[in-house]
Amino acid sequence: MDRVLVTGGAGYIGSHACKALRAAGYEPVTYDSLVTGWSDAVKFGPFEQGDLLDRTRLDSVFAKYEPIAVMHFAALSLVGESMTNPGLYWRNNVEGSRHLIEAAVEAGCMNFVFSSTCATYGDQDNVVLDENSVQQPINSYGASKRAIEDMLRDFEAAFGLRHVIFRYFNVAGADPDGEVGEYHRPETHLIPLMLDAIDGKRDALTVFGTDYDTPDGTCIRDYVHVCDLVDAHVLGLRWLSGGKRSRVFNLGTGSGFSVREVIDQSRTVTNRAVPYKEGPRRPGDCTKLVSGSTRAKSELGWSPTRSTLDQMIADAWRWHQSGHYEK
Ligand code: UDP
């Protein structure tokens, strides 16, 4: 069975990717420091605990498993934190990725699938965000991801490292089977925070900014179901295995929802009141991030089937009620 090295395989998206890889006939090998991941989430293949900055450890894992490809999810990904502690993002994300990329090239593992973000585009009002849009990140998280994209291009030019870059919009939902789900500590994401507030696990949700230039004054995001998102990664892997050229794909549905719309839909799905209050803007937040690309559908054959707001909140709610991980 072909093995794929999955960095961040103990995290939210990485654990769902491991499940999808296993279902597609690959053996996912998780490499994760457990700084933000959960050992309970590693269910679909071997686990190697390690840090991206530990090059010796990375080399030994490449030698042990001889993976045919890397899927690189491991990253710090909090916009707010990246604004207050940018060094952490440049060190962990950029420097850590350099170690991983160099280890992959030296091991001869020349297929690389990378989790990037729409935060690399920055705040571009009234612009359709497709893969050719200019990248002008307004936070260190986005800047760190853009730097890694550049690094991949340089390593392709120098050594032939072929890659697929996925620029995610907002990932939401959970495995409908309930085997894995979203669990961050601390939690900063809208939907899990709101579900916590709904069932009294935390105080009311704060809506970050109601004076944006949007119809209801709150930020607009393009939400994608995590299972649809990871399906695209399996297609990306096949794209590379099939010898196709390096490519960038946006992963969004093209539908944007405001924070207020997400709150309203959550009230409907859970049939409970959503306790919330209005607060100031969060530094680093863009007004509107919605994908304007159909490239993943037309070229990769990606067909998201679960990414309605309804389904994403329902799956997240089911997971939320059923449990969580322990370290
Ligand atoms: N948001 C909010 N209150 C919260 C968390 C998030 O109003 O407690 C808003 C945030 O400003 C953004 C949207 O919800 O407009 C999605 O934020 P999230 O942190 O989930 O993802 P991001 O877009 O930062 O990747």
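**A chat about the ligand shell and its surroundings**

User: Hi! By class, what residues does the shell around the ligand have?

Analyst: Sorted by class, that shell has eight nonpolar, four polar and three charged residues. Do keep in mind that this is a predicted model.

User: Thanks! Which residues are the closest to the ligand?

Analyst: Of the 15 residues that surround the ligand, the closest are His-189, Leu-190, Val-207, Phe-208 and Cys-219.

User: And which element gives the most to the shell?

Analyst: That would be β8, which gives four residues. Both α6 (190–198) and β8 (205–208) supply at least two residues each.

User: Switching to helices: how do α2 and α4 pack?

Analyst: Helix α2 (residues 55–65) and helix α4 (residues 86–107) pack at an angle of about 35°, and their axes are 10 Å apart. Their crossing is right-handed.

User: Which residues make that contact?

Analyst: From α2 there are Arg-55, Leu-58, Asp-59, Phe-62 and Ala-63, while α4 brings His-99, Leu-100, Ala-103, Ala-104 and Ala-107. Seven of the contact residues are nonpolar, one is polar and two are charged.

User: What about Glu-66, where is that found?

Analyst: Glu-66 is in the loop between α2 and β4 (69–72). Glu-66 has a positive phi of about 45° although it is not a glycine. It counts as partly exposed, because it has 13 C-beta neighbours inside 10 Å.

User: Now Asn-271: what is its phi, positive or negative?

Analyst: Positive, at about 60°, and Asn-271 is not a glycine either. Asn-271 sits in the loop between α8 (259–270) and β13 (276–279). With 8 C-beta neighbours inside 10 Å, Asn-271 counts as exposed.

User: On to strands. How many residues of β2 are buried?

Analyst: Five of the six residues of β2 (residues 27–32) are buried, so the strand is largely enclosed by the rest of the structure. Five bridges join β2 to β1 (residues 3–7), and the two run parallel. In that pair, Thr-7 stands opposite Tyr-31.

User: Last one: in what order do β9, β12 and β14 form their open sheet?

Analyst: The order is β12-β9-β14, with mixed pairing. β12 (257–258) and β14 (288–289) are at the edges with a single partner strand each, so one side of each has no neighbour in the sheet. Two bridges join β9 (residues 220–221) to β12, and these strands run antiparallel. There, Arg-221 stands opposite Phe-257 in β12.

Notes:
Residues numbered from 1 in each chain as written. Predicted model: local features only at pLDDT ≥ 70, side-chain atom pairs only at ≥ 80, totals over all residues. Axes fitted to C-alpha atoms, helices over the stretch in contact; angles between N-to-C directions. Left-handed = near helix turned anticlockwise from the far one by under 90°. Contact = placed C-beta atoms within 7 Å. Nonpolar A, V, L, I, M, F, W, Y, C, P; charged D, E, K, R; others polar. Near = placed C-beta within 6 Å. Pairing = 2+ DSSP bridges. Buried ≥ 20, exposed ≤ 12 C-beta atoms within 10 Å, placed from the backbone.
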